[in-house]
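Please find below a note on the structure under review. The points move from the whole chain to single residues.

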Amino acid sequence: MGIAIGVLCSRLVFRRQGYALVAALALVMVTLFVKGMPPVNRLFNLMATTSDSAKLLAPAAGMLAIAAVILAGSTAVTQYIISRKE
């Protein structure tokens, strides 16, 4: 998720560093604090409430797949924005 946010807030999208920083901080806060927002908040909740680490493997693998899809989507959005600017 951090890389996906970094791609969306890169210099390719935001020319000014201040705007990129504000956008990145806002997106990080959304992913951390929105209840049920996959995969970050859900994984933190599972880690806090599950005592057996073996039970976390399947949900963590699913959330890893979700994070990979989100990364691919943010990369595609960034590529679209870059092509529109040129």
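1. Basis. This is a predicted model, in which local features need pLDDT of at least 70, side-chain atom pairs count only at pLDDT 80 or more, and totals for chains, interfaces and linings use all residues. Residues are numbered from 1 along each chain as its sequence is written, and side-chain values use heavy atoms, with hydrogens and water left out.

2. Secondary structure. The protein chain has 4 helices and 0 strands, and its elements run α-α-α-α from the N terminus on. Helices (H or I, at least four residues) and strands (E, at least two) are DSSP runs, numbered from the N terminus.

3. Overall form. With 4 helices and 0 strands, the protein chain has a radius of gyration of 15 Å, well over the 12 Å that the globule rule gives for 86 residues, so it is more spread out than a compact globule. The radius is taken over C-alpha atoms, and the rule is 2.2 Å times the number of residues to the power 0.38. Along its principal axes the C-alpha trace spans about 50 × 20 × 15 Å.

4. Of the 86 residues in the protein chain, 20% are buried; the classes are buried (under 20% relative accessible area), exposed (over 50%) and partly exposed (in between), with a 1.4 Å probe and protein chains only. Among contacts (heavy atoms within 4.5 Å) between residues at least 6 apart in sequence, 48% join residues at least 24 apart.

5. Helix H4. This helix covers residues 57-85, which is 29 residues, and reaches 42 Å from its first C-alpha to its last, close to the 42 Å expected at 1.5 Å a residue. The expected span is 1.5 Å times one less than the number of residues. Its buried residues are Met63, Ala67, Ser74, Thr78 and Ile82. An α-helix has 3.6 residues a turn, so residues three or four places apart point the same way. The cover over the buried residues of H4 includes helix H1 (2-8) and helix H3 (40-49).

6. Ser74 counts as buried because its relative accessibility is 6%. Val69, also found in helix H4, is exposed, with a relative accessible area of 59%. The C-alpha atoms of Val69 and Ala23 are 46 residues apart along the chain and are separated by 21 Å.

7. Loop residues. Thr50 lies in the loop between H3 and H4 and is partly exposed at a relative accessible area of 23%. Leaving out residues up to four places away in sequence, Thr50 touches Lys55 and Leu56. Lys35 is in the loop between H2 and H3 and counts as exposed at 76% relative accessibility. Lys35 and Asn45 are 10 residues apart in sequence and 9.6 Å apart in space, C-alpha to C-alpha.

8. Surface. The accessible surface of the protein chain comes to about 6100 Å², of which 71% belongs to carbon and sulfur atoms; areas come from the Shrake-Rupley method with a 1.4 Å probe, and for residues only the protein chains shown count as cover.
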